[in-house]
Amino acid sequence: MVGSDTARAVAVSGSAPLARMFGWVMLALMGAFLLNNILTFYVGLPGAGGIFGWETNGAPGPAMYAQAAIYAILPALVAVYVSRTRDRSLRQDAAAVSNANETLIRCAFWLVLLVGIADTVVSFLRVEGYLPAIVGERLTVELGRSEFRGQWVHIPVALLGIAIGLLTRGISFIWLSLLVVVAELLIVFSRFVYSYEQAFMADLVRFWYAALFLFASAYTLLEDGHVRVDVLYASFRRQRQGRVNAWGAVLLGMTLCWTILLVGMWSKSSIINSPLLVFETTQTGFGMYVKYFMAGFLGIFAVSMMTQFVSSFFDSVADARGEPGGRGNHHTGPAG
């Protein structure tokens, strides 16, 4: 009996090429879409869509066809990768994708932490009238323009945050919950003890809370912490649970993420691209100038959830195949 189980585990632990190909191609297509979006709307290249008569920045030419080729090149590269790593298991791919996603979220945490602090400092100095004495009248006026502040304060600080995220380890975004509480406590103390409150203080709470809510979603998916409302699932065997989770990751999870990306980034006037391109801010006088970042949070949410859904898909297919290992958080039914 033990020998039979061992032989079965060895038999199913090999690669599942179709599942691996699907997951990696999905990530490659997302990468191609994001790269084309940056090249088209932020760099100013014509865009691949002009070939099909969609919105474009110029007439068809070599750059347009080169951008369209990205949609073939990246999937081809991952297809080569999958074909050359046939002995790599689904569990290994799931762990690699999840680790890459952890790095993305960590970079996003440091970005919002440092940008939030930097913009709060600038907003405080500006509203209290200290900024002219520190940077001069001309620069004070420029820092009152969202485009200038975004380019010369936010972007450098954001790049620093990304660099820190790449060099550090650990899931740092969980500290955002503490930061949100601290920022809210500062409002309470300053309002009721010192009768002092400014718009940028509430903006900081919203800024960090939005990041916490959206960035934590991928981690919650990793830990299988999202609320489940099921009648039959808990009684399923492990393989059937794996099949249910795999189809759910594709039909519900990845579909949602693609919907957010396509609706939010399809054109220059889309709900994610539009605020980012003009450094959109709220009309609160001396509040923080970070509203456009929160549109970007939605994009990070879609990318991080897509990545984690691919990792979940790999693990779920491995469960369906009866492969050993796995996190086992949701496997409350009978063993396979």
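**Helix packing and salt bridges in a predicted model**

Helices α2 and α3 run roughly antiparallel to each other, because the angle between them is over 145 degrees, the cut-off for that term; angles under 35 degrees count as roughly parallel, 65 to 115 as roughly perpendicular, and the rest as oblique. The model before you is predicted, so local features are given at pLDDT of at least 70 and side-chain atom pairs at pLDDT 80 or more, while totals for chains, interfaces and linings use all residues. Residues are numbered from 1 along each chain as its sequence is written, and side-chain values use heavy atoms, with hydrogens and water left out. Helices are DSSP runs of H or I with at least four residues, strands are runs of E with at least two, and both are numbered from the N terminus.

Let me stay with the first pair. The angle between α2 and α3 is about 150°, and their axes lie 8 Å apart. Axes here are lines fitted to C-alpha atoms, for helices over the stretch in contact, and angles run from 0 to 180 degrees between N-to-C directions. The crossing of α2 and α3 is right-handed, a term that applies if the near helix is turned clockwise from the far one by less than a right angle; if anticlockwise, the crossing is left-handed.

Two residues illustrate this region. L39 belongs to helix α2, and Q67 to helix α3, residues 62-84. Beyond four places in sequence, L39 is in contact with G44, L45, Q67 and I70, where contact means heavy atoms within 4.5 Å. With the same exclusion, Q67 touches N36, L39, T40, L45, P46, G47 and A48. Is Q67 buried or exposed? Its relative accessibility is 2%, so Q67 counts as buried. Buried means under 20% relative accessible area, exposed over 50%, and partly exposed in between, with a 1.4 Å probe and protein chains only.

I turn next to helix α4, residues 90-127. With 38 residues at 1.5 Å each, α4 should span 56 Å, and its end C-alpha atoms are 55 Å apart, which agrees; the expected span is 1.5 Å times one less than the number of residues. After α4 comes G129, with a positive phi near 80°.

Helix α4 also packs against helix α8, residues 175-192, at an angle of about 20°, with axes 11 Å apart. The two are therefore roughly parallel. Their crossing is left-handed. F109, V112 and L113 of α4 make the contact with W175, L176 and L179 of α8.

Finally, the charged pairs. How many salt bridges does a search of the whole structure find? The search finds 13, a salt bridge being a side-chain nitrogen of Lys or Arg within 4 Å of a carboxyl oxygen of Asp or Glu.

R20 and D93 form one of them, at 2.4 Å from N to O. This pair links distant parts of the chain, since R20 is in α2 and D93 in α4, 73 residues apart. Both R20 and D93 are buried. D93 also forms a salt bridge with R88, at 2.6 Å between the closest N and O atoms. R88 is partly exposed, at 23% relative accessible area, whereas D93 is at 0%.

Another salt bridge joins R149 and D119, with the closest N and O atoms 3.3 Å apart. R149 lies in helix α7, residues 146-167, and D119 in α4, so the pair ties together parts 30 residues apart in sequence. R149 is buried at 0% relative accessible area, and D119 counts as buried at 0% as well. Lastly, R91, R238, D315 and D319 are linked in a network of salt bridges.
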